[in-house]
Amino acid sequence: MEYHAVEGTRRPNSPVDPGPGPSRPAETQSPATNRPPRDPKGNYFGPYLQFITTNPANKVWYGSALVFHRKECPAPKLSFDRDLFDTQSDEAKPDTLMEDVFGFVAVRHQLSFKMSDGTGDDKITWTLEGQDEKEAGSFVIPHWDQAWRGGFFSCGGFDGYVPEGVVKEFGFDSVWRHMNSVHEQTPFHLMVYGGDQIYIDNIFEDIPFLKRWIEMPFEGVKWKHEFSEETAKYCASYYFFSYFETWERKECKKALRTCPALMTWDDHDIFDGAGSYPDELRTSPVMSGLFETAYTFRLLFQHHTNRKLCNTKHKLWGVKAQNHIAQLGPRVALFMPDGRTERSEAYVHDPRSMDMAFERLNGDGIADTTQQLLVAFAVPFSFIRVPAAEAMFEFLKNRAPWVRRLPGIKGTNSIFGLPEFYDDLLDEWTHDKHIKERNSVLVRFQKLAAARSIRVTFLSGDVHCAGFARFRSDKAMRKAKELVPATDPNLMYQAIASAIVNASPSPNACIGYHYVKNDWKPVPHTEESMVEMFERRPEGGKHVRHRKFMPNRNWLYFETVGSTSVSATHGATNYVVSDDDANGEKKDGHHHHHHHLFKRQKDLSMLDFARNHYSFDRGTGYPSTLGPTSLPDGTGCEGRPNHEHHHGLFCHHKRSKAVQKVMSAGDGDADGGEKVGAAPEAPLRDSAGIRLRIWLESRKKESEGRQFSSYEMVVPELMVGDRARK
């Protein structure tokens with residue numbers, strides 16, 4: 001692998017910096033990682049699995065497997081217990097991505113399997129056989145009509161500033177362990193990694209030149225200093241082995257070898273705040289050099305490709321970014337935007353890349369049968385707005401460097417000499433510098449939804465807390481057009497799942513989020529708000545006043561519901577019914593019913609409610625969001641919800657009669673409920689919603705481990721135009 005210096009001004013008296021020192025265990029990272037990261041033990045590594053797409057034309061599942069072996073060892077053989085669909089074409093040939101990267105050879109194997117008709121899963125067993133070594137494992141792919149199941153998560157490490165005591169208290173693998181345990185019970189078809197897969201923060205301490213660089217004067221020298229070939233090699237080694245150590249961590253390795261992944265990157269995969277700095281610093285030789293190095297290894301580890309093949313054979317696309325659209329069977333598509341490569345103070349995405357995205361989304365980039373579009377933005381598409389704080393940090397950023405070194409201000413600066421929260425706020429789509437771009441993209445999604453009758457849902461991470469947001473048509477539009485969720489193309493939910501590892505904000509910080517602007521009209525005829533998702537705390541099911549954000553580590557489970565496929569939902573599931581169940585038997589008054597496998601009719605009941613009622617409208621009642629909990633040891637999902645509503649005089653949860661009528665088989669009275677029109681009926685085969693279930697880790701450690709509670713909702717399909725007329 002070749003390294004090239006990034007041009008810049010080098011002072012004549014610039015000292016020659018030594019290489020990084022010896023590795024030592026990383027105190028604020030996983031016990032499996034070191035500072036600086038080091039060469040792992042072993043000769044063969046992988047396969048790390050990636051999902052690419054499914055092809056409706058021939059019902060074939062496409063993916064890839066990344067395998068490393070030491071250069072001096074013979075290449076291992078990767079085999080499967082069933083035949084690949086394509087073995088003869090040039091597209092099917094393995095690609096040697098790097099022939100010598102720090103003594104390793106990186107090879108991408110193309111995977112293609114014919115998907116069976118009907119419902120169910122096929123288990124694929126792989127074997128990796130090298131010199132005197134042999135390993136085996138498996139993953140599942142769904143049948144063509146099967147409901148897709150998956151996980152979404154982000155922020156897989158600790159920030160450099162997280163105290164060692166916090167790391168020791170919460171540990172590194174608790175949430176990973178829970179997610180993997182749910183995956184073991186009913187294997188996921190896909191895991192979506194939402195950014196910050198690695199945390200590279202310590203590179204500025206561990207590489208002597210970078211440590212000296214951050215102490216250089218802010219203007220002049222720092223901006224112009226070269227990124228030498230020698231420094232490039234040190235940094236390349238740091239990024240490469242950071243990925244290697246992370247991918248080989250026990251909990252990550254298990255996921256990557258048993259469930260195909262799709263990934264998008266975020267700033268910590270590059271360095272903290274990458275892209276959200278003034279242009280003079282962002283485009284400086286050193287920052288540019290770090291970005292180019294991070295970009296190379298992001299392509300290798302996160303996308304199984306390289307600079308030569310990414311936009312040709314491997315079909316990523318963008319002006320500079322590497323975006324991807326995947327088809328998940330006939331009903332669901334997933335858009336993975338690259339939110340860092342083109343980022344600057346001016347915009348998040350190059351407008352031309354967004355044009356390319358919507359050309360594909362409006363064209364043949366997704367199947368005509370698609371009903372649900374998931375969009376994985378690394379940074380929340382909807383979040384709180386703090387214009388006063390943005391203005392204050394913008395003011396400080398524009399002052400002379402000596403102003404930011406004044407007592408009381410200096411301590412709030414980042415390692416780059418700028419206000420610590422300047423880049424954090426500028427990262428957000430809702431920042432004043434990005435909100436016009438965000439709103440323009442929102443309108444394009446609204447037009448896409450209406451034109452193709454596709455429900456759009458956003459998945460995001462980055463902000464280290466759990467939350468849900470909602471866009472919908474405003475009250476006047478809903479009344480004028482008699483809209484219900486199933487007919488409202490502007491209805492879009494967002495789930496924030498962050499972090500699977502990193503420390504959460506303090507509870508008081510999350511309470512503070514409730515008192516800043518998060519309820520407004522961003523574009524004509526559209527409401528935007530964070531919603532009251534969290535009825536009870538994960539810690540013992542205690543009542544909570546502030547329900548929009550939760551300061552708990554978390555991950556998100558998603559699955560298709562209501563289609564012809566039989567859902568493989570885990571554990572207990574919530575829906576609102578009358579006190580008489582479907583068999584006419586009298587129930588005890590609460591509405592949490594528990595089934596290890598969720599019956600299709602109950603799935604449809606939840607979907608029926610979602611079609612007809614806007615969730616989180618407290619005045620009209622809505623289903624409880626409380627889902628199942630883990631076992632006492634913090635694994636699995638068979639536990640009962642952490643609270644059971646009795647709906648008595650002092651119960652905080654409202655259940656309207658209208659909700660009961662819609663969700664039950666009886667003829668309940670609708671008095672006191674929202675009067676809504678019936679959603680268009682569609683054949684069962686043409687009807688699919690998405691369940692979003694977020695799992696929160698308790699901040700309280702029990703004797704057997706940290707326990708988990710879930711909160712869930714169902715996003716209905718959109719039935720307008722031709723689909724409604726069917």
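Predicted model: local features only at pLDDT ≥ 70, side-chain atom pairs only at ≥ 80, totals over all residues.
**Exercise 1. Two helix pairs**

How far apart do the axes of helix H2 (residues 174-185) and helix H7 (residues 250-258) come, and at what angle do they cross?

*Solution.* Residues are numbered from 1 along each chain as its sequence is written, and side-chain values use heavy atoms, with hydrogens and water left out.

Step 1. Two packed helices are described by the angle between their axes and the distance between the axes. Helices (H or I, at least four residues) and strands (E, at least two) are DSSP runs, numbered from the N terminus; axes are lines fitted to C-alpha atoms, for helices over the stretch in contact, and angles run from 0 to 180 degrees between N-to-C directions.

Step 2. The axes of H2 and H7 come within 10 Å and cross at roughly 30°. Angles under 35 degrees count as roughly parallel, over 145 as roughly antiparallel, 65 to 115 as roughly perpendicular and the rest as oblique, and H2 and H7 are therefore roughly parallel to each other.

Step 3. The crossing of H2 and H7 is left-handed, a term used if the near helix is turned anticlockwise from the far one by less than a right angle, with right-handed used if clockwise. On the H2 side, Trp176, Asn180, His183 and Glu184 meet Glu251, Cys252, Lys254, Ala255 and Thr258 of H7, where contact means heavy atoms within 4.5 Å. Sorted by class, the contact of H2 with H7 has three nonpolar, three polar and three charged residues; Ala, Val, Leu, Ile, Met, Phe, Trp, Tyr, Cys and Pro count as nonpolar, Asp, Glu, Lys and Arg as charged, and the others, Gly among them, as polar.

Step 4. H6 passes H9 in a right-handed crossing. Residues that make the contact include Tyr239, Phe240 and Trp247 of H6 and Leu290, Phe297 and Arg298 of H9. Its residues divide into 12 nonpolar, two polar and one charged.

**Exercise 2. A buried threonine and an exposed lysine**

Is Thr305 buried or exposed, and is Lys315 buried or exposed?

*Solution.* Step 1. Thr305 lies in the loop between helix H9 (285-303) and strand E13 (324-328), and Lys315 lies in the loop between H9 and E13.

Step 1. Buried means under 20% relative accessible area, exposed over 50%, and partly exposed in between (1.4 Å probe, protein chains only). Thr305 is buried because its relative accessible area is 1%, whereas Lys315 counts as exposed because its relative accessibility is 51%.

Step 2. Leaving aside neighbours within four places in sequence, Thr305 is in contact with residues including Leu97, Arg108 and His314. The side chains of Thr305 and His314 are joined by a polar contact of 2.7 Å; a polar contact is a pair of N or O atoms within 3.5 Å, and within protein one must be able to donate a hydrogen and the other to accept it, while residues adjacent in sequence count only if both atoms are side-chain atoms.

**Exercise 3. Backbone exceptions**

Which residue joins Pro36 through a cis peptide bond, and what is the phi of Asp196?

*Solution.* Step 1. Most residues other than glycine have a negative phi, and most peptide bonds are trans.

Step 1. Arg35 is joined to Pro36 by a cis peptide bond with omega about -15°, and Pro36 lies in the loop between strand E2 (34-35) and E3. The peptide bond from Gly46 to Pro47 is also cis, with omega near 0°, and Pro47 lies in strand E3.

Step 2. Asp196 has a phi near 60°, a positive value in a residue other than glycine; it lies in the loop between strand E11 (190-193) and helix H3 (203-206), and counts as buried because its relative accessibility is 0%.

**Exercise 4. A glutamate in a strand**

With which side chain does the side chain of Glu528 make a polar contact?

*Solution.* Step 1. Glu528 lies in strand E20 (residues 526-530) and is buried, since its relative accessible area is 1%.

Step 1. The partner is the side chain of Ser382, at 2.6 Å.
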